[in-house]
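The report that follows looks at how the chains of one model are arranged and how they touch one another. Please keep the sequence and the structure in view while reading.

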Amino acid sequence: MITHFPPPANIKTPPLSYATRVGDLLFVSGIPGFDDNGQLSDDFATQFGFVAATIKRILKDAGTDIAHLVKVNVLLTRAADVAPMNALYADAFGPPPYPARTTCVIAQLPDPKMLIEIECVAAIPSR
Amino acid sequence: MITHFPPPANIKTPPLSYATRVGDLLFVSGIPGFDDNGQLSDDFATQFGFVAATIKRILKDAGTDIAHLVKVNVLLTRAADVAPMNALYADAFGPPPYPARTTCVIAQLPDPKMLIEIECVAAIPSR
Amino acid sequence: MITHFPPPANIKTPPLSYATRVGDLLFVSGIPGFDDNGQLSDDFATQFGFVAATIKRILKDAGTDIAHLVKVNVLLTRAADVAPMNALYADAFGPPPYPARTTCVIAQLPDPKMLIEIECVAAIPSR
């Protein structure tokens, strides 16, 4: 009834799936900006790029894509990253219409090097 | 498959929809307390009032209402606003039974003048 | 159309349900670590234990269980609790595969004594 999509085997992650499918909805975990070796850049745009690429890969693995995003939550650790995030987001998650979204600046993500995580809910289209 | 409800044309917003519908569920973005001219009062109760009014308008536009709220997340930037928020909320989102809810005090919302945002999920009743 | 699951009668709670069911989905509020008398221990592991036990009881009351969790959000107020939380979580929410999950360290929960809340979405299996 629930399909679990595990995190990449080469990245050390806490006890979670990267995404779960129930019915026609896909719930995606807060995805950090790990590069392909599980490292986190000090650069915000670099972390954002890996977050967006990872989410697109998860959506594809689950049979959907960015156009079927329903709701996105962006978690930042620095208020100064809000404006750059919006510029990067408009490009990576476009074209319009965009999904519903909430953006928060929080005290910290699980690893202090993480500057951003994005979690989302997507619809899965019928074949 | 997904219906997007755009933000008001006269308010400068980031790349998002105010809400999206998928199936019989409506996902509403974190809604700030903009007045009708897109301004933010310094007063918490005033911001709360505009948040509640905007959410009620979004729900109505999507064919549902406050009695069909399933889950609400309240994001505050000041711990001192928790008690006033609960009093305002009980009135604006009642009568009971209330939806499920989570309340967080976070470091900042996208605009430093924002004291509150509320995001929610609602059911859309069949015609 | 929406089924509301109220909080325990002996615990003073804000205007919310502990969970709501719509269709085959259950949305669970951010659940704090109240003991059976509505008190909060100063100990993180103790609060975590009551959170997990309360969520399991809510799931059971709604006709589901931990294996049907779809998405979990863990809200902490101290970054130092991330590692202990993951250890406790792996045990309480296992065995694998685990649900999708996001973990945030925020400024404060509604009561300053709260060290953790967990909110979640579960699927409800057909009878």
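Only 13% of the interface residues of chain A are also interface residues in chain C, so the copies meet through different surfaces; contact here means heavy atoms within 4.5 Å. This is a predicted model, in which local features need pLDDT of at least 70 and side-chain atom pairs count only at pLDDT 80 or more, while totals for chains, interfaces and linings use all residues. Residues are numbered from 1 along each chain as its sequence is written, chains are lettered from A and ligands numbered from 1 in the order in which they are written, and side-chain values use heavy atoms, with hydrogens and water left out.

## How the copies are related

Two copies of a chain are related by a rotation about an axis and a shift along it. Here a rotation of 120° with 0.0 Å of shift along its axis places chain A on chain C with an RMSD of 0.0 Å, where the superposition is by least squares on the C-alpha atoms of residues with pLDDT of at least 70 in both copies. That is the relation of a three-fold axis. In chain A, the C-alpha nearest the axis belongs to I106(A), at 3.0 Å from it.

## The contact between chain A and chain C

In this contact, 23 residues of chain A meet 27 residues of chain C. The size of an interface is often given as the accessible area lost when the parts come together. Chain A and chain C bury about 1900 Å² between them, and 68% of this is on carbon and sulfur atoms; buried area is the accessible area (1.4 Å probe) that two parts lose on being put together, summed over both. M1(A), P15(A) and F27(A) supply 29% of the area that chain A buries against chain C, more than any other three residues.

Between chain A and chain C there are 11 residue pairs in polar contact, both residues being at pLDDT 80 or more. A polar contact is a pair of N or O atoms within 3.5 Å; within protein, one must be able to donate a hydrogen and the other to accept it, and residues adjacent in sequence count only if both atoms are side-chain atoms. On the side of chain A that touches chain C, strand 1 (2-5), strand 2 (19-22), strand 3 (25-32) and strand 6 (116-123) of chain A each supply at least two residues, and strand 3 gives the largest share, with 5 residues. Helices (H or I, at least four residues) and strands (E, at least two) are DSSP runs, numbered from the N terminus.

## The contact between chain B and chain A

Here 23 residues come from chain B and 26 residues from chain A. The area buried between chain B and chain A is about 1900 Å², with carbon and sulfur atoms giving 68%. In chain B, M1(B), P15(B) and F27(B) lose the most area to chain A, together 29% of what that side buries.

## Salt bridges

Over all chains the structure holds 12 salt bridges, a salt bridge being a side-chain nitrogen of Lys or Arg within 4 Å of a carboxyl oxygen of Asp or Glu. The table gives some of them.

| Pair | Closest N and O atoms |
|---|---|
| E119(B) and K71(A) | 2.6 Å |
| E119(A) and K71(C) | 2.6 Å |
| R21(A) and D24(A) | 3.4 Å |
| D24(C) and R21(C) | 3.3 Å |

The rule finds 1 salt bridge across the interface of chain B and chain A, and 1 across the interface of chain A and chain C. Both K71(A) and E119(B) are buried, where buried means under 20% relative accessible area, exposed over 50%, and partly exposed in between (1.4 Å probe, protein chains only). R21(A), by its relative accessible area of 25%, is partly exposed, as is D24(A) with 43%.

## Two buried residues of chain C

I118(C) lies in strand 6 (residues 116-123) of chain C and counts as buried because its relative accessibility is 0%. Although I118(C) and V74(C) are 44 residues apart in sequence, their C-alpha atoms are 4.7 Å apart in space. Leaving out residues up to four places away in sequence, I118(C) touches several residues, among them F48(C), V51(C), I55(C) and F93(C).

N86(C) is placed in helix 2 (residues 82-92) of chain C and, at 17% relative accessibility, also counts as buried. Apart from its neighbours within four places in sequence, N86(C) is in contact with P14(A), P15(A) and R101(C).
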